[in-house]
Amino acid sequence: MTATTPHQKARKLPKGSRRPAKDLCSECGLCDTYYIHYVKEACAFLNQQITELEEIAHQRSRDLENENELYFGVHQSMMAARKREPIAGAQWTGIVSTLACKMLTQGWVEGVVCVQNAAEDRFQPLPIIARTPEEVLAARVNKPTLSPNLSVLEQIEQSGLKRLLVIGVGCQIQALRAVEQQLGLERLYVLGTPCVDNVTRAGLQKFLETTSRSPETVVHYEFMQDFRVHFKHEDGSIEKVPFFGLKTNQLKDVFAPSCLSCFDYVNALADLVVGYMGAPFGWQWIVVRNDTGAQMLELLKDELDTQPVSSRGNRKPAVQQSIPAYDQGITLPMWAAQLMGVVIERIGPQGLEYARFSIDSHFTRNYLYVQRNYPEKLDHHLPEYAKHIVSQYQLPQ
Ligand code: FAD
Ligand code: SF4
């Protein structure tokens, strides 16, 4: 699958001047390279082809009769894990950065596509091909903004790289898999993270200003399994804001249209996925999709504590209730939101059921968004698994 078919070069235009997906563009970076030539087939928002690409990447598509595959995609195994010695400043315990460093130092790959931040702005993404562990580590922690990771693809050919690891989110990986054959690589490894509700840099500012008590000191944040957004500030303090207290009416326009129409939350085409949402609080969630992913994880096993994934609760009533609440932009007073957060943390869905809660909530919201804004795209843009998931709920007209 990594044959060296020469690509056809397209005429190069200034960065950002062509975005065939228009408003739906997630700035994955492909169109900043001469691989824009393949955009009509490759762009996740112009040509949804997850099932076909699953067959190429994993030699089969997901089994829709198996609930775990329906939700989490093709996989051989899942587990909860954390590094025994976490990397300071990583998003979680640094499993992603550690694995990338190991693959470099042990000669598996010659370069790692990852994303550092601009010197003047910790949230402004700066994609690079890292050639040293120091460069990989400098890319640790999420840049919670749309990031043009694939904009560095041209450098592969220029630098003569033959073995590459790409770290990325679903839309980037879909486009990557679609042009994989054209990259001239001998070996490509794909380490994915789940991704949802991403924003432009301006959108991020609005989100921080609307939600955090001190937007300018936020170092990173995450929508956590305890139904709260955790903001980490420069002084190390953690600020927790319950999901149910978010100012939905003001935040509805913040998320990028690409993310409001995305149905690849769990990065279906990566070899190995590292997130958190299917794991207990404080642990990371690992999905091994294929043999390559299993080999990658093996490299790291000695440094990890692991435990089996588990599942508790029933997400469906909570999802069904949240659909009209989000749709109508209902915001609870903070005391009620705090109280609801406490109750739902105790009795709400946990582990894999929390992950399904999050997928159901986002897929139903995104279905309504595509249906209302891009009705002509709805049928082709929704993968079969997403249709199945959405059909479990009653949606407003
Ligand atoms: P680290 O060692 O800190 O490494 C983080 C890696 O992420 C770096 O290699 C960097 O190159 C890469 N990265 C940073 N920002 C971006 C970006 N904008 N685009 C592409 N790559 C980037 N997990 C869930 O379970 N549920 C979610 O809803 C979820 N949403 C996410 C949204 C975004 C925008 C991102 C980037 C990740 C999200 N994740 C989500 C994954 C999770 O937050 C962690 O990134 C993951 O568990 C790895 O943690 P770590 O400590 O091992 O990563
Ligand atoms: Fe191009 Fe990527 Fe935007 Fe699609 S999402 S238009 S491939 S930059």
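How much of the accessible surface of the protein belongs to carbon and sulfur atoms? I started my notebook with that one. The accessible surface comes to about 16,900 Å², and 51% of it belongs to carbon and sulfur atoms. A reminder to myself: this is a predicted model.

**Entry: the overall build**

Next I looked up the secondary structure, and I found 16 helices and 13 strands in the protein. The radius of gyration is 20 Å, close to the 21 Å that the globule rule gives for 397 residues, so I can call the protein as compact as a globular protein of that length. I also noted the span of the C-alpha trace, which is about 60 × 50 × 45 Å along the principal axes.

**Entry: inside and across the chain**

I then checked burial: 58% of the 397 residues count as buried. For contacts, I took those between residues at least 6 apart in sequence, and 70% of them join residues at least 24 apart.

**Entry: charges**

Where do the charges sit on average? I looked up 41 positive and 44 negative charges, and their mean positions are 2 Å apart.

**Entry: a visit to helix H4**

I picked one helix to look at by itself. H4 runs over residues 95–105 and is mostly covered, with 9 of its 11 residues buried. Here buried means under 20% relative accessible area. Among the buried residues of H4 I wrote down Ile-95, Val-96, Leu-99, Cys-101 and Met-103. Ser-97 and Thr-98 are on the buried list of H4 too. Just after H4 I came to Gly-107, which takes a positive phi of about 80°.

Key. Residues are numbered from 1 along each chain as its sequence is written. Chains are lettered from A and ligands numbered from 1 in the order in which they are written. This is a predicted model: local features need pLDDT of at least 70, side-chain atom pairs count only at pLDDT 80 or more; totals for chains, interfaces and linings use all residues. Side-chain values use heavy atoms; hydrogens and water are left out. Helices (H or I, at least four residues) and strands (E, at least two) are DSSP runs, numbered from the N terminus. The radius of gyration is taken over C-alpha atoms; the globule rule is 2.2 Å times the number of residues to the power 0.38. Buried means under 20% relative accessible area, exposed over 50%, partly exposed in between (1.4 Å probe, protein chains only). Contact means heavy atoms within 4.5 Å. Accessible areas come from the Shrake-Rupley method with a 1.4 Å probe; for residues, only the protein chains shown count as cover. Lys and Arg count as positive and Asp and Glu as negative; His and the chain ends are not counted. The place of a charge is taken as NZ of Lys, CZ of Arg, CG of Asp or CD of Glu.
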